[in-house]
Amino acid sequence: MEERVITCINCPMGCRMTVCLENGEVVSVSGNTCKRGDTYARQEVTAPVRMVTAVVPVQGSLMPVSVKTREPIPKKDIPACMAALHGLHLQAPIKAGDTVLPDACGSGVDVIATKSV
Amino acid sequence: MNTIRKELVIIGGGPAGLAAGIAAREAGVEDLVILEREHEAGGILRQCIHNGFGLHRYGEELTGPEYAARDIAKAEELGLDIRCDTTVLSVDGDRRVTCVSRTDGLQIYEAGAIILAMGCRERPRGALGTPGTRCAGVYTAGAAQKFVNLEGLMPGKRVVILGSGDIGLIMARRMTLQGAKVLACVELMPYSSGLNRNIVQCLQDYDIPLYLSHTVTDIRGRERLEAVTVMEVDAKRRPIPGTEQVFECDTLLLSVGLIPENELSQRAGVELSPLTSGAVVDDTLQTSVPGVFACGNVLHVHDLVDFVSDESFRAGRAAADYLKGQAPKGGTLAVRDGEGVRGVVPQKLHPDQDVTLMFRPAGVYKNASVVVEADGKEMARKRAMIFTPGEMVALPLKAEKLAGVTGDITVRMEVR
């Protein structure tokens, strides 16, 4: 049996929650005050996800373009996603909402521009 | 010199100024101008490329540029006149706004009403009194954010962050993702003022240690920063001898508080509150100078842009009412901070108008209520599991609740 202690991020309470795992399956969550904590804890210990935002240089523009993953991606894929973004060679003009990196690192999630340059 | 009459002049084209302009135009003010010193509208949102904006207003988590783009698109649709690259030099008590730009030179606007929407600025190194040399490499977190996100420049490679406000936490992650090594985040207080979400996703995700009850006591370097000394502090925030740790680094980022930017307001004779560092206003967000309104972070530092927009819509509508001669008449009642409450805005109100009271709790209160009282009676109450100084409380109050009230209104915390 494995125990993991995590901090809830849903509100300023910041409950310290203990999650018990057996063979990668959540057995119990304790320390949470509300249901949202339970849901977050189960997701966070089994399949944590994060939004990734960054800026990428653009040929033909003095300003880089800001980008985001369209949806959260697995946390473990963040370094590979950043490496792929740093390897991009973008050309102006780019419009907000344009895909700059399709299917980031095989996550199935596109990286899109969040402003126009 | 060019003198122009305008019904309404809005100073600042960030989220506050844009929302105020949109609301004023929708309320019928045709002749208005927004003055913005940067090259484009959007304010600080332009450099806040992370997501999390707009959850209250739109029910989705936008990035800063996306949130700003929606207001800018609306402003364009309404045909608002936004003058960028235009710096306001002074505002005086009879509502004359002096500004300068490369294209139009020096201009004076004679305004029927003014909305102050200049936002806030970061506390700089000079406000801390930290000993050390005057080397390069010490930046406020927001300045570094501008370099990285707007100009594509990296301020340094080995970073220590002083202060654990949200901007500092966000920059810890940004610098890390862009290839820098963030050695530590150092916080004077025994708790962080940042969101739990940012502590988890910006520090813990990248194994960046957070030193609570610690501070930077020395800044060393000849040309460029070479090292900082970090010490633990006691309950009175004094460094404890023997706890020195030296971090070799080339960059120190400061995230040590925000101050409303009120130099223009002061020159106009606007009365300021020592608690909020912003203007003293009534429920229409009008300052002590008739026809001059204030909204957004120049009035009091907000946590969420959604609330800035909401407040600024109200300021825009109030300015429109004022211009039409429809401002609330009659006397105002004073709103006072009671126990556990700091800096209620507005500080006075017309009892026949709906109002939203906003303030920061003075400490952490669990299982507590905010209570609004007047004439010895309870007017309103809001319960929550937790109130903290890091989260502004907004308490709407209907006019009918205040009917017949004649004395001061007090807002206080009550622990069950």
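User: Where do I start with contacts in this model?

Analyst: Two residues are in contact if their C-beta atoms, placed from the backbone, lie within 7 Å. In chain A, 43% of the contacts with a separation of 6 or more join residues 24 or more positions apart. A word on conventions: this is a predicted model, where local features need pLDDT of at least 70 and side-chain atom pairs count only at pLDDT 80 or more, while totals for chains, interfaces and linings use all residues. Residues are numbered from 1 along each chain as its sequence is written, with chains lettered from A and ligands numbered from 1 in the order in which they are written.

User: Thanks! How many helices and strands does chain A have?

Analyst: Helices (H or I, at least four residues) and strands (E, at least two) are DSSP runs, numbered from the N terminus. Chain A has two helices and 11 strands, in the order β-β-β-α-β-β-β-β-β-α-β-β-β.

User: Why is chain A called more spread out than a compact globule?

Analyst: The radius of gyration is taken over C-alpha atoms, and the globule rule is 2.2 Å times the number of residues to the power 0.38. For the 117 residues of chain A that rule gives 13 Å, but the radius of gyration is 18 Å, well over it, so chain A is more spread out than a compact globule. Along the principal axes, its C-alpha atoms fill a box of roughly 55 × 30 × 15 Å.

User: And how should I read a nonpolar core?

Analyst: In soluble globular proteins, nonpolar side chains tend to be buried together. Here a core is a set of buried Ala, Val, Leu, Ile, Met, Phe, Trp, Tyr and Cys residues joined through C-beta atoms within 7 Å; buried means 20 or more other C-beta atoms within 10 Å of the residue's own. The largest core has 100 residues, and those with the most contacts inside it include Leu8(B), Ile11(B) and Phe293(B). Its largest share, eight residues, comes from helix 8 (residues 305–323) of chain B. Beyond four places in sequence, Ile11(B) touches Leu35(B), Val88(B) and Leu264(B), among others.

User: What about helix packing?

Analyst: Two packed helices are described by the angle between their axes and the distance between the axes. Axes are lines fitted to C-alpha atoms over the stretch in contact, with angles from 0 to 180 degrees between N-to-C directions. Helix 1 (residues 15–26) and helix 3 (residues 64–77) of chain B pack at about 30°, with axes 10 Å apart. Leu18(B) and Ile22(B) of helix 1 and Ala68(B) and Ile72(B) of helix 3 are among the residues making this contact.

Definitions and conventions
Buried ≥ 20, exposed ≤ 12 C-beta atoms within 10 Å, placed from the backbone.
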